Amino acid sequence: MTDDYLVRIGRLIRDARQHRGWTQAQLAEALGTSQSAVNRIERGNQNISLEMIARIGEALDSEIVSLGYAGPMHLRVVGGRRLSGAIDVKTSKNACVALLCATLLNAGRTTLRRVARIEEVYRILEVLGSIGVRTRWINDGNDLEVVPPAELDLAAMDTDAARRTRSVIMFLGPLLHRADRFQIPYAGGCDLGTRTVQPHMNALRHFGLDITATDGSYHAEVDREVTPHRAIVLTERGDTVTENALLAAARYAGATVIRNASSNYMVQDLCFFLEELGVRVEGIGTTTLTVHGVADIDRDVDYAPSEDPVEAMSLLAAAVVTESELTIRRVPIEFMEIELAVLEEMGLDHELTPEYRADNGRTRLVDLTVRPSKLRSPIDKIHPMPFPGLNIDNVPFFAAIAATAQGSTLIHDWVYDNRAIYLTELTRLGAQVKLLDPHRVLVEGPTRWRAAEMMCPPALRPAVVILLAMMAAEGTSVLRNVYVINRGYEDLAERLNTIGAQIEIFRDI
């Protein structure tokens, strides 16, 4: 076997092992070999027979490994089926990746409950593991334990994994407390056009961080003499920008004021977690945060991130486009109220239970029942705003919903350079979506959905919108190369099948 082939096989084995929640030692025990041998296999440093590949596949219950190199994952969707029953919302993907970055602040053990088992999380875990952080899935793979080393090996960072996630930009805040010089690769993730990192640089400069961008990496140097002597005013009210500023402020032994801060769901979860670490944060839920940092953090902490409002919106949209009655449990209502107000104006028939608390003890949850409704287009355009406005990531779902409504709906996705363009792919499924400019589409409804075979858009939320439209279309559709959906949703197809969808996962052999 060639070295490149061995490396590819090793990565497939590593991903399958992590997906099962096993350590290298557990896999070694199942195979009757040593942990060091498994480590060499996963790094592509050991010849491996087809018989061994088959044994590993059997041990991990993974067709990916047993087949050797598998092609991209595709979905075959039999549409026109009604959904029914109830489904729980999973924990927030965006909160989980922020919390994983935040574990770099803590010298102690961090246990995160019900962490989203998604590709974005796996990429961050790969980066953490490459620099010496020990992570393992516990409690039947539901929870994640993170133990950092005394010294990080930043030179060994897995740059391939880091380039595949935009979240790696949030390593800047905690790492400026761990090293005087370091570098991270340019952030990747969805294809959403140019997203400037300048707001991050402006915020972190207050902590002495200076960045030079060369050769595909950010080269960072920290001047320890520079500390925040006045309020940090963020030039954009971005979620990751706010999180990076919080991560930097958490280990600054003083008070840091952050203005024009995001108060979105993942930022609040990060603030709650920082409080578990002993960092006091005033103003949670507002646009002005005052962080009372702690220079050294060494605590064993246990934290449960809250549920994902964007997944809740995805499930709500699934019910609407398939004209189904569905109960969506554990909806973080504080981050869905504007969306529900707009949908109520459009004629959505729905019901909410009394509120109860998430496992973090802070976030307010409800169970939401959606019923088949005759929708009409909204009076005003659909456009995102920073929280408490309509969530930026929930905007694409309104394209599918508007396609089921009577009338014309203008959707203005002003944040991203080209995400609105991907929504025009709905026309291949029968919708009338007209692109007015790179940020605006006009949707005419109602739609008679039709089945189609198409490639998955390279942006997460538009990709799920296409999947939902396929669920509404009579006949069999095929959505090819759905890796981007796996970046943000855990077992989405399987979970939709439990409430009445018919979606088959397959690969080209």
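Two strands count as paired if DSSP finds at least two bridges between them. The legends below describe a predicted model.

**Figure 1. Strand β8 and its two antiparallel partners, β6 and β7**. In β8, the bridge partner of D210 is E221. Residue R181 also stands opposite E221 in β8. Strand β6 covers residues 181–185 and β8 covers residues 217–222; the two run antiparallel and are joined by five bridges. Strand β7, residues 209–214, pairs with β8 over six bridges, again in the antiparallel sense. Two residues lie between β7 and β8, which form a hairpin. In the turn, D215 has a positive phi of about 50°. Strands of a sheet pair through backbone hydrogen bonds, either parallel or antiparallel.

Figure 2. Apart from neighbours within four places in sequence, the contacts of T111 are I138, L144, E145, V301, D302 and Y303.

**Figure 3. Helix α15 and the elements that cover it**. Helix α15 spans residues 395–404, and nine of its ten residues are buried, so the helix is largely enclosed by the rest of the structure. The buried residues are V395, P396, F397, F398, A399, A400, I401, A402 and A403. Their cover includes the helices α13 (309–321), α14 (337–346), α16 (419–423) and α17 (460–472). Strands β18 (407–412) and β20 (440–445) are also among the covering elements.

**Figure 4. The three-stranded open sheet β18-β20-β19**. Pairing in this sheet is antiparallel. Strands β18 and β19 (432–437) stand at the edges with a single partner strand each, so one side of each has no neighbour in the sheet. From one strand to the next, the twist averages 20°. Five bridges link β19 and β20 in the antiparallel sense. In β20, V441 is the bridge partner of L435. Helix α15 packs on the sheet, where it touches β18 and β20, and its direction makes about 25° with that of β20.

**Figure 5. Nonpolar cores, with a close-up of F171**. The largest nonpolar core holds 156 residues, and those touching the most other members are F171, F182, L316, L479 and I485. Helix α17 provides the largest share of this core, eleven residues. Leaving aside neighbours within four places in sequence, F171 is in contact with C101, L104, I124, V127, L128, I131 and M157. A second, separate core has 15 residues, including I13, A16, I53 and A59. In soluble globular proteins, nonpolar side chains tend to be buried together.

**Figure 6. The whole protein chain, for orientation**. The chain has 19 helices and 23 strands. Along the principal axes, its C-alpha trace spans about 65 × 60 × 45 Å. The radius of gyration is 23 Å, which agrees with the value near 23 Å for a compact globule of 509 residues. Of the 509 residues, 57% count as buried. The accessible surface comes to about 20400 Å², and 45% of this belongs to carbon and sulfur atoms. Among contacts between residues at least 6 apart in sequence, 74% join residues at least 24 apart.

Notes:
Residues numbered from 1 in each chain as written. Predicted model: local features only at pLDDT ≥ 70, side-chain atom pairs only at ≥ 80, totals over all residues. Heavy atoms only, no water. Helix = DSSP H or I, 4+ residues; strand = E, 2+ residues; numbered from the N terminus. Contact = heavy atoms within 4.5 Å. Buried < 20%, exposed > 50% of the residue type's maximum accessible area, 1.4 Å probe, protein only. Axes fitted to C-alpha atoms, helices over the stretch in contact; angles between N-to-C directions. Core = buried A, V, L, I, M, F, W, Y, C linked by side-chain atoms within 4.5 Å. Rg over C-alpha atoms; globule rule 2.2 N^0.38 Å. Areas by Shrake-Rupley, 256 points an atom, 1.4 Å probe, with all protein chains shown as cover.
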